[in-house]
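Here are some exercises to work through with the model open in your viewer. Try each task before you read its solution.

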Amino acid sequence: MTNIYERLGVDTIINAKGPATRLTGSILRPEVAQAMVEASQHCVDLAHLQAAAGAYIAEVTGAQSGYVTDGAASGLMLAAAACIAGHDLAAQNRLPDTTGLKNEIIVARGHRNMYDHAVRTAGAKLIEVGVSDRNTGAGVRDAEPWEYVAEINERTAAVYCVVVPGNQPTLPEIVAAVAPHGIPIIVDAAGQLPPMSNLKRFIAEGADLVCFSGGKAIGGPQASGILAGRRDLVMSVAMQHLDMDTAPSRWNPPASLIDRNAIQGMPRDGIGRICKVGKEEIAGLVTALRLTLEDDASGALRAGWSRTIATVAEGLAGVNNATIAVRDDPERHPVPALALTLDEKALARDAEAVLIELECGSPPVYFEPGEVGSATLVVNPLCLKEGEPEILAGRIKDVLRR
Ligand SMILES: *Cc1c(COP(=O)(O)O)cnc(C)c1O
């Protein structure tokens with residue numbers, strides 16, 4: 001029997017890059033795929049499904065409230081919309097037009113990246129602070145907490161920060177400076193799982209809303225994400241995200257998600273309606289999160305990844321024109337990896353050319369390319385299936401023999 005990709009005429013690839021949107025995210029474990037199939041066979045009230053999933057997210061993050069988004073990026077858009085419009089129905093209807101609303105979101109220049117389209121999509125104007133001297137070789141400093149405070153005024157809707165390790169200032173430093181002014185702090189933690197302790201960490205450090213990807217290392221559906229944070233802000237998210245196409249007399253939102261008594265009427269479809277989340281994604285995300293937490297607690301999660309890397313290393317024994325290094329120190333590598341450093345001189349071509357050769361071969365194989373400039377291809381174990389480490393090693397050996 002053919003599979004869907006064969007019927008569509010699309011080549012499948014061996015993915016040693018790990019879950020990337022460009023390469024269609026992760027490979028769902030059977031239990032997650034099964035949960036999505038099960039969910040697909042019944043209809044439910046979407047708001048009540050979100051409330052149930054949100055309660056689980058609240059439990060595992062330690063936040064007041066949780067919500068399933070269709071990715072970390074749309075979580076950021078919804079978070080910005082919540083901080084701008086709050087529970088004001090008329091303001092929600094106007095977004096992304098923010099005339100007359102507080103719409104400034106403060107961000108360190110060194111935290112900016114192209115995902116902040118999401119924040120701007122809600123209508124926010126980014127107010128940049130700080131100069132990242134340390135990243136230009138011109139000095140040692142970066143944005144400083146007082147610089148955020150200096151920009152706070154009556155138009156400030158939120159502060160936004162990206163918690164990639166090494167980013168400055170750190171979240172606790174930002175919280176210490178900004179929280180006393182009552183400005184909510186939105187955290188982009190899209191790729192910060194594992195370690196799974198980060199689920200609770202940023203909330204505990206004082207973030208008001210935190211976004212994670214569901215489609216990265218926790219192995220949820222590609223178009224899923226986690227939003228966790230303050231109850232009133234998550235309520236605003238739900239008001240602006242859920243489909244509202246019913247009569248106010250029949251509207252029956254779950255009280256844990258939306259407090260009808262706190263608002264003047266029934267919201268209309270809001271800015272979040274463009275990034276709706278299906279029941280299948282919610283079921284898949286919740287299942288992936290539960291299984292990942294279980295396997296993390298038992299040690300099975302990392303052990304599985306380490307085994308995959310060890311199998312790649314074994315397969316690469318005797319490889320020509322390259323050295324291999326296994327990176328499996330949990331302190332330094334939340335996900336174990338294998339680094340393959342090429343002898344570009346002996347190969348008479350650079351690592352970029354080798355990378356292209358591997359991507360264009362059959363089957364195509366993709367690597368983590370971040371260190372290609374230092375002649376190193378990195379293998380990430382997350383999307384390698386049973387049997388693939390051996391094929392991957394064979395392809396590498398083949399290409400490096402020539
Ligand atoms: C991956 C990523 C995103 C986007 O996450 P999605 O779940 O794909 O929407 C946003 N911000 C950062 C820093 C990321 O690494």
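## Exercise 1: a buried alanine

At 9% relative accessibility, Ala-375 falls in the buried class. Keep in mind that this is a predicted model.

**Task.** Work out why Ala-375 counts as buried, then say where Ala-375 lies and what its backbone does.

**Solution.** 
- Step 1: start with the cut-off, since buried means under 20% relative accessible area. Ala-375 has 9%, so it counts as buried.
- Step 2: Ala-375 belongs to the loop between β11 (365–367) and β12 (376–379).
- Step 3: check the backbone. Phi of Ala-375 is positive, about 65°, although this residue is not a glycine.

## Exercise 2: another positive phi

**Task.** Is Thr-24 buried or exposed? Find its loop and its phi too.

**Solution.** 
- Step 1: the loop that holds Thr-24 runs between β1 (14–16) and α2 (30–40).
- Step 2: its phi is near 65°, a positive value in a residue other than glycine.
- Step 3: exposed means over 50% relative accessible area. Thr-24 has 52% relative accessibility, so it counts as exposed.

## Exercise 3: cis bonds

**Task.** Which peptide bond ending at Pro-169 is cis, and which residue does a cis peptide bond join to Pro-194?

**Solution.** 
- Step 1: go to the loop between β5 (156–162) and α8 (171–178), where Pro-169 sits. The bond from Gln-168 to Pro-169 is cis, and its omega is near -5°.
- Step 2: move on to the loop between β6 (185–188) and α9, which holds Pro-194. Here the cis bond joins Leu-193 and Pro-194, with omega about -10°.

## Exercise 4: around a tryptophan

**Solution.** 
- Step 3: for a distance check, take Ala-337, which is 32 residues from Trp-305 along the chain. Their C-alpha atoms are separated by 8.5 Å.

## Exercise 5: two rings

**Task.** How many aromatic pairs does the structure hold? Describe the geometry and setting of Phe-202 and Phe-212.

**Solution.** 
- Step 1: the structure holds one aromatic pair.
- Step 2: Phe-202 and Phe-212 form this pair, at 6.4 Å centre to centre and with 35° between the planes; that makes it tilted.
- Step 3: Phe-202 comes from helix α9 (residues 198–204) and Phe-212 from strand β7 (residues 209–213), ten residues apart.
- Step 4: both Phe-202 and Phe-212 are buried.

## Exercise 6: a covered helix

**Task.** How many residues of helix α10 (residues 231–241) are buried, and which elements do they pack against?

**Solution.** 
- Step 1: nine of the eleven residues in α10 are buried, which leaves the helix mostly covered.
- Step 2: among them are Leu-233, Val-234, Met-235 and His-241.
- Step 3: the buried residues of α10 pack against α3 (46–61), β2 (65–69), α4 (72–85), α5 (89–94), β7 and β8 (225–229).

## Exercise 7: a loop glycine

**Task.** Where does Gly-110 lie, and what is it in contact with beyond four places in sequence?

**Solution.** 
- Step 1: Gly-110 is in the loop between β3 (104–108) and α6 (117–121).
- Step 2: with a relative accessible area of 29%, Gly-110 is partly exposed.
- Step 3: setting aside neighbours within four places, Gly-110 is in contact with Ser-132 and Asn-167.

## Exercise 8: the whole chain

**Task.** What radius of gyration would a compact globule of 402 residues have, and what does the protein chain have?

**Solution.** 
- Step 1: the globule would be near 21 Å, and the protein chain has 23 Å, which agrees.
- Step 2: count the elements, and you get 15 helices and twelve strands.
- Step 3: buried residues make up 51% of the 402 residues.

How values were computed: Residues numbered from 1 in each chain as written. Predicted model: local features only at pLDDT ≥ 70, side-chain atom pairs only at ≥ 80, totals over all residues. Heavy atoms only, no water. Helix = DSSP H or I, 4+ residues; strand = E, 2+ residues; numbered from the N terminus. Rg over C-alpha atoms; globule rule 2.2 N^0.38 Å. Buried < 20%, exposed > 50% of the residue type's maximum accessible area, 1.4 Å probe, protein only. Phe/Tyr/Trp six-rings, centres within 6.5 Å; stacked < 30°, edge-to-face > 60°. Contact = heavy atoms within 4.5 Å.
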